[in-house]
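Hi everyone, thanks for making time for this. I'd like to walk you through a model, so please have it open as we go.

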Amino acid sequence: MAEADLFALESAALANARAAHADPRADARAALAELIIHYERLMRESRRLIRRSDRAELDMNQMNRQLHELAQQLEYRATHDPLSGALNRAAVIDKATACLRRVDMALIVLDIDHFKWINDDFGHPAGDAVIKTVVSCLRTLLGPDVAVGRVGGEEFSVIWPTADTEEARAVAIRICDAIADQVFAAPIDRQITASVGVSWNSVGTSFELAYSRADEALYAAKRAGRNCVKIHSQLPLPAAQAAIAEL
């Protein structure tokens, strides 16, 4: 089936104009008038199509911006805790794993002391406010570029790339002191503290080992009375390991 010629009328008018131009006896004015009519119609249609194209381009650009914003929102929701805005556990694992592939890193894990009492005494909304305030405190203290995550109900972690174990210890002490000094909004009428555990890990260490070391140090801080910092490398060896070390 032959394809329809969308410009059949215009082609015919152009052919008539050419024939009139070639034949001195032809009515050139009539051919020119017909050609003018079709040319003006083409100009009107061209302007209309251009306007429609401009609108379509604007709509497409707006749609692309909306899709980009939606993709950013979905990525944020996939990697951040909805309550506090801190990184979620999966994002902490990804960032820490990537960091340990490149450099030495301290993993700082902290847990709000007696958090259940806060919920029991002041209610869960107050507990949520404490969690958000702790994250805000960490960001203010450490800066916006430091990876701060919420890895459990009242447990948080900080990824701190460093080759200096004393630097990691100093950062952990600053965190512990900052939370203890933080003033929390009503109805909280008591000091809120956190226990902090630190593991320093050389490049190539797995996240699982880095976390288990920090978690062990965290529980040592809990056993030591809370509101303090414990470094995994400074913990006493378990009895079985100590016996092996003495051999």
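Let me begin with a question: with which residue does Lys-116 form a salt bridge? The partner is Asp-120, and the closest N and O atoms are 2.8 Å apart. By salt bridge I mean a side-chain nitrogen of Lys or Arg within 4 Å of a carboxyl oxygen of Asp or Glu.

Before going further, some housekeeping. This is a predicted model, where local features need pLDDT of at least 70 and side-chain atom pairs count only at pLDDT 80 or more, while totals for chains, interfaces and linings use all residues. Residues are numbered from 1 along each chain as its sequence is written, and side-chain values use heavy atoms, with hydrogens and water left out.

Back to our pair. Lys-116 and Asp-120 both sit in helix α4, residues 115–122, four residues apart, about one turn of the helix. Helices here are DSSP runs of H or I with at least four residues, strands are runs of E with at least two, and both are numbered from the N terminus. Lys-116 counts as exposed, at 57% relative accessibility. For the labels, buried means under 20% relative accessible area, exposed means over 50%, and partly exposed is in between, with a 1.4 Å probe and protein chains only.

In total, the salt-bridge rule gives a count of seven. One of them joins Lys-222 and Asp-111, with 2.8 Å between the closest N and O atoms. That pair links distant parts of the chain, since Lys-222 is in helix α7 and Asp-111 is in strand β1, 111 residues apart. Are these two buried or exposed? Both Lys-222 and Asp-111 are buried.

Another pair is Arg-169 with Glu-166, at 3.9 Å between the closest N and O atoms. They are three residues apart in helix α6, so about one helical turn separates them. Arg-169 is partly exposed at 34%, and Glu-166 is partly exposed too, at 47%. Salt bridges with shared partners also join Asp-111, Asp-113 and Lys-222 into one network.

Now to the strands. β4, residues 194–201, is mostly covered, with seven of its eight residues buried. On one hand, β4 pairs with β1, residues 105–112, in the antiparallel sense over eight bridges; there, Met-105 stands opposite Asn-201. Two strands pair if DSSP finds at least two bridges between them. On the other hand, β4 and β5, residues 229–231, pair in the parallel sense over three bridges, with Val-196 opposite Val-229.

A few backbone details may interest you. Most residues other than glycine have a negative phi, and most peptide bonds are trans. Which peptide bond is cis here? The one from Ala-186 to Pro-187, with omega near 15°; Pro-187 is in the loop between α6 and β4. In the loop between α7 and β5, Arg-226 has a positive phi, near 75°. Asn-227, found in that loop as well, has phi near 55°. Arg-226 is partly exposed at 32%, and Asn-227 likewise at 33%.
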